[in-house]
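Visitor: Please take me to one spot in this protein and look at it closely. Then show me what lies around it.

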Amino acid sequence: MTLNHVRRGSGAPLLLVHGLGAGGQSWAPILDELAEHREVIAVDLPGFGETPPLTGEVSIATLTDSVADFIREQGLDGISTVGQSMGGRLVLELARRGVGGDTVALDPGGFWSDREVAVFGATLRPSIALVRVLRGRLPSLLGSSAGRTLLLAQLSARPWALSPETVLPDVRGLADSPSTGAALDALIKGPKQQGAPAGTVPGRVTIGWGRRDLVTLPSQAARATELFPDAVLHWFERCGHFPQWDAPHEAVRLILDSTD
């Protein structure tokens with residue numbers, strides 16, 4: 001399967017891998033700023049954006065396979081990779097496999113305890129069900145600061161301060177993407193993320209985490225850095241699960257400074 005993707009800018013390439021939501025469009029808040037400095041390639045994972053779903057099992061392994069295949073098919077060996085949420089987990093899995101170059105994982109999944117993943121599922125499933133019910137009213141609801149606060153409190157540290165244009169694509173994507181449910185099941189029911197012993201990853205590894213993340217809790221950062229001992233941990237203050245929403249300029253600077 002060839003992943004739908006967009007390319008912007010010029011320079012050393014960066015591959016952007018999204019989480020649950022709008023597909024590659026999830027990176028829209030920072031894409032243009034990144035493209036001022038680098039060639040940026042934002043993919044749609046299978047079942048998100050314009051890429052059709054996988055025909056077989058949807059798992060972290062098969063989604064990672066799809067990105068690894070894209071890297072090989074496009075002749076992008078050694079490319080730096082950036083992922084957020086589920087995408088953060090996928091780029092760490094690529095690094096664990098020895099695929100790619102420098103790696104930046106923003107608020108990655110897979111490092112929760114059994115209790116934490118149960119809470120993750122118990123809170124996110126109803127949220128996704130709610131946005132599906134409200135699908136036709138999302139533009140008006142997200143058009144007000146009160147509506148954004150109500151719908152996005154789990155995802156953003158300051159939802160009232162975000163623009164509707166920033167958040168609407170990802171919220172719609174949660175409702176519309178064919179693979180949202182299967183990918184969520186893979187995160188909840190599948191194995192936790194494995195680590196990479198020191199000295200085994202192909203480049204630098206940077207993990208960014210929002211201090212106010214209510215999806216992948218900040219306490220999980222300790223497990224992530226224990227499993228990836230080569231990683232450097234960066235904290236986003238006053239930031240929830242989406243650094244590209246809550247701290248876009250800081251996210252751009254971290255990505256540019258952490259990748260070649």
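Guide: Start at S179. S179 touches P46, G47, F48 and P53, leaving aside residues up to four places away in sequence (contact means heavy atoms within 4.5 Å). This is a predicted model, in which local features need pLDDT of at least 70, side-chain atom pairs count only at pLDDT 80 or more, and totals for chains, interfaces and linings use all residues. Residues are numbered from 1 along each chain as its sequence is written, and side-chain values use heavy atoms, with hydrogens and water left out.

S179 sits in the loop between helix 7 (164–176) and helix 8 (180–189). Helices here are DSSP runs (H or I, at least four residues), numbered from the N terminus. S179 has 4% relative accessibility, so it counts as buried (under 20%; exposed is over 50%, partly exposed in between, with a 1.4 Å probe and protein chains only).

D176 belongs to helix 7. Its relative accessible area is 43%, which means D176 is partly exposed. D176 and R135 lie 41 residues apart in sequence, but 8.6 Å apart in space, C-alpha to C-alpha.

Now follow F48. L20 touches F48, and its other contacts include M86, T180, A183 and L184. L20 and M86 are among the residues touching the most other members of the largest nonpolar core, which has 60 residues. Such a core is a set of buried Ala, Val, Leu, Ile, Met, Phe, Trp, Tyr and Cys residues joined through side-chain atoms within 4.5 Å. A second, separate core has 20 residues, including I255 and L256.

Helix 2 (residues 60–73) and helix 3 (residues 86–97) pack at about 70 degrees, with axes 10 Å apart. Axes are lines fitted to C-alpha atoms over the stretch in contact, and angles run from 0 to 180 degrees between N-to-C directions. The two helices, helix 2 and helix 3, are therefore roughly perpendicular (65 to 115 degrees; under 35 is roughly parallel, over 145 roughly antiparallel, the rest oblique). Among the residues in this contact are V67 of helix 2 and M86 of helix 3. The contact of helix 2 with helix 3 divides into 9 nonpolar, 1 polar and 4 charged residues. Nonpolar covers Ala, Val, Leu, Ile, Met, Phe, Trp, Tyr, Cys and Pro; charged covers Asp, Glu, Lys and Arg; the others, Gly among them, are polar.

The axes of helix 1 (residues 28–35) and helix 11 (residues 248–258) come within 10 Å and cross at roughly 45 degrees. Helix 1 is therefore oblique to helix 11. I255 and L256 of helix 11 are among the residues making this contact, as are I30 and L34 of helix 1.
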